[in-house]
Amino acid sequence: MDILPINTLNPKAESFVSSIDKLKDKKSDDEDLREVCQQFESIFLNYLLKSMRDTVPDGGMFKKGIAFDIVQSMHDSALSEEIAKSGGIGLAEQLYTQLSKYE
């Protein structure tokens, strides 16, 4: 199995990578670091939700098509962003604590 670049797996990952580059280019303040940590947690939660949904078997009364998959993916993306913004699972805070030591 070939390993794909991260930006082909998740469009939000591309903005995360550009945020990391922005942090490298200038001395960032605490808000920028917190935002990047929050974006990372959002991406992690999105993969977590996708992996959890993949374990649920297909079936039920109605057949699910491509449109359903697209809407569900968009919902998971929005949900992961909101979870990360509202405190999430604590991953962003732990990352921030560790990374802020190096500024």
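**Exercise 1. How many aromatic pairs does the rule count?**

Solution. The count comes to zero aromatic pairs. The rule pairs rings of Phe, Tyr and Trp (its six-membered ring) if their centres lie within 6.5 Å. Before going on, note that this is a predicted model, where local features need pLDDT of at least 70, side-chain atom pairs count only at pLDDT 80 or more, and totals for chains, interfaces and linings use all residues. Residues are numbered from 1 along each chain as its sequence is written, and side-chain values use heavy atoms, with hydrogens and water left out.

**Exercise 2. Which residue lies over the face of Tyr 96?**

Solution. Look at Arg 34, which lies over that face at 3.8 Å from the ring centre of Tyr 96. The test asks for NZ of Lys or CZ of Arg within 6 Å of the ring centre and within 35 degrees of the ring normal.

**Exercise 3. At what angle do the axes of α3 and α5 cross?**

Solution. Step one: the axes of α3 and helix α5 (residues 91-99) cross at roughly 140 degrees and come within 8 Å. Axes are lines fitted to C-alpha atoms, for helices over the stretch in contact, and angles run from 0 to 180 degrees between N-to-C directions. Helices are DSSP runs (H or I, at least four residues), numbered from the N terminus.

Step two: α3 and α5 are therefore oblique to each other (angles under 35 degrees count as roughly parallel, over 145 as roughly antiparallel, 65 to 115 as roughly perpendicular and the rest as oblique).

Terms used
Rings of Phe, Tyr and Trp (its six-membered ring) pair if their centres lie within 6.5 Å; planes under 30 degrees apart count as stacked, over 60 as edge-to-face and the rest as tilted. Helices (H or I, at least four residues) and strands (E, at least two) are DSSP runs, numbered from the N terminus.
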